[in-house]
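Subject: Structure handover

Hi,

Here is the structure I promised to pass on. Have a look at it first, and then read on for what turned up.

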Amino acid sequence: MSITSAMYSAMSGLTAQSKALASISSNIANSSTTGFKGTVTSFTSYINKTTTVDEQVGGVIASNTRNINRQGEIQSSATTTNMAINGEGFFVISDASANGAIAFTRNGSFSADASGYLKNDEGNYLYGWKLDESGKITASNKTSTDSLEAVNLTSIKGTPKATSTLGVEANLPSDAETGDSFTTDVEMFDTLGNSHSVTLSWTKTADNTWSLDASDPAKSSDGTVTTGTMAGFPLSISFNSDGSLASATQDDGTGTMVSVDPSAISFSVGGWTTGATDSAVTLDLGTANGTDGLTQYASGDSDPSVGDWSSAQNGYAPGTLTGTTIDDSGVIRATFDNGETRAIYQIPIATFANADGLDSETGSTFTQTYESGAYQLRTAGDGKAGGIAAGSLESSTVELTDEFSRMITAQQAYSAASKVVTTAQDMLDTLIAMKR
């Protein structure tokens, strides 16, 4: 092995350790970067051949690799739309809100921009499956990223819901006189979300027997304007001698009173002047022989009245978005000021046969390659896909203590290689001096 060969070997060592130091520097700089995957430097001897005559030592090659599969620590975040994947897989993202190139990331620092799109701190848009009103994925082919769209929260509108159930709790005064009548009001919503007021009239017809009638609905803002036609009333209600609800009968439409379940009495409203479709409603007055709905006890007042009155119905007007929640399966739910909660998107998890084969665009953004294999879109927790932790972020995989140890090693190796260069230089100077 010649002096110049030694210098070449030493120079390759300097180059390799410089590359290692660059990797260490990048890791340390990104020790706080969300979802960052640290790199490690591998060294390979490219010539190291010994024969009986000579020894050929060529040097070393350094290569940096990124351990993409390594799990970073999951830390809590005050932003509810921040997400971390606990396990394998990646979020699907794009650098454009629509028709952008698809990429994959573990950086779940998503928050809504001015247009309502969820973007992470690298400016990439989060993609997900859109859900219909029943919470099902609308796309027919869920295996392709073509089935995904950029998640936008402000485009979600609150929808109205027509009243379909009405529950009533009240005490009808047993000390009322036969013929006495009392009124209470309930609110109902049609299919367009309009609010209507309905007056319920309670009339004592005999001991332990009452009649219930309902007025046609009227505008809640002006109770004098009739907005629809009520059908299914009057009802006859009887009580047991202990004040519990006994039974109910209803006109079958021919003038004949038939027995009905007091907890599931059907009535309808048609001819809405608002343009809404007809409503079918189930009235719940309580369980037969129970006290969970209507009761008949003495009021104890000189002027009896309906007591303990309350009503509940399941309709509502169109609401305004007030917030979102994300569960561990990646379902984003919108909440509205009218009490409505609706699933709007589901976040998929993309998995790969060899995630370490992905091409690194940045420290936390990757693209598919031949070595990684094709992506598979899964729901969180399905198969090898990890779960989603909302209000959390995955920290960098860089361990500073490891990086400092690597830095010391690289520094020592670099110094040693530089010493070889200076020593070889001294030997060459000696050789040249011999000629003089």
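Let me start with a pair to find in the viewer: Lys37 is buried, and Glu394 is buried as well. Buried here means under 20% relative accessible area, exposed means over 50%, and partly exposed is in between, with a 1.4 Å probe and protein chains only.

Before the rest, some housekeeping. The model is predicted, so local features need pLDDT of at least 70 and side-chain atom pairs count only at pLDDT 80 or more, while totals for chains, interfaces and linings use all residues. Residues are numbered from 1 along each chain as its sequence is written, and side-chain values use heavy atoms, with hydrogens and water left out.

Salt bridges

Lys37 and Glu394 form a salt bridge, with 2.8 Å between the closest N and O atoms. Lys37 sits in the loop between helix H1 (3–29) and E1, and Glu394 in strand E33 (residues 392–394), so the pair ties together parts that are 357 residues apart in sequence. The term salt bridge stands for a side-chain nitrogen of Lys or Arg within 4 Å of a carboxyl oxygen of Asp or Glu. Helices (H or I, at least four residues) and strands (E, at least two) are DSSP runs, numbered from the N terminus. Arg106 comes in too: Lys37, Arg106 and Glu394 are linked in a network of salt bridges.

Over the whole structure, the search gives six salt bridges. Among them is Arg342 with Glu340, the closest N and O atoms being 2.7 Å apart; Arg342 and Glu340 are both buried. Another of the six joins Asp327 to Arg333, with closest N and O atoms 2.8 Å apart. Here Asp327 is partly exposed at a relative accessible area of 23%, and Arg333 is also partly exposed, at 32%.

Cavities

How many cavities of 30 Å³ or more does a search of the whole structure find? It finds two. A cavity, on a 1 Å grid over the protein atoms alone, is a set of points where a 1.4 Å probe fits but cannot get out, and lining residues have an atom within 4 Å of a point. Grid points are joined across faces, edges and corners, and the volume is the space filled by probe spheres set on the points.

The largest cavity has a volume of about 40 Å³. Its lining is made up of Leu166, Val186, Met188, Val198, Leu200, Ala214, Met230, Phe233, Phe267 and Leu283. Two elements give two or more residues to this lining, namely strand E12 (181–189) and strand E13 (195–206). By class, the lining of the largest cavity has ten nonpolar residues, with no polar and no charged ones.

Around it are Asn69, Glu88, Gly89, Phe90, Ala350, Thr351, Phe352 and Ala355. That lining divides into four nonpolar, three polar and one charged residues.

Backbone

The peptide bond from Phe233 to Pro234 is cis, with omega near 10°, and Pro234 is placed in the loop between strand E17 (229–231) and strand E18 (235–239). Most residues other than glycine have a negative phi, and most peptide bonds are trans.

Two non-glycine residues to check for positive phi are Asn208, with phi near 65°, and Asp308, with phi near 50°. Asn208 is in the loop between E13 and strand E14 (209–214) and is partly exposed at 30% relative accessibility. Asp308 belongs to strand E24 (residues 307–313) and is exposed, with a relative accessible area of 67%.

Surface and helix H1

On the surface, Tyr46, Ile47 and Ile61 make a nonpolar patch that has about 270 Å² of accessible area together. Patches take residues with over 30% relative accessible area and no salt bridge, joining like charges within 9 Å and nonpolar side chains (Val, Leu, Ile, Met, Phe, Trp, Tyr) within 5 Å; the areas come from the Shrake-Rupley method with a 1.4 Å probe, and for residues only the protein chains shown count as cover. Tyr46 is in strand E1 (residues 39–50) and is partly exposed at 43%.

Lastly, Ser9 lies in helix H1 and is buried, with a relative accessible area of 15%.

Cheers

Definitions and conventions. 1 Å grid on protein atoms, 1.4 Å probe; cavity = no way out; pocket = protein on both sides within 12 Å on 5 of 7 lines; lining within 4 Å. Nonpolar A, V, L, I, M, F, W, Y, C, P; charged D, E, K, R; others polar.
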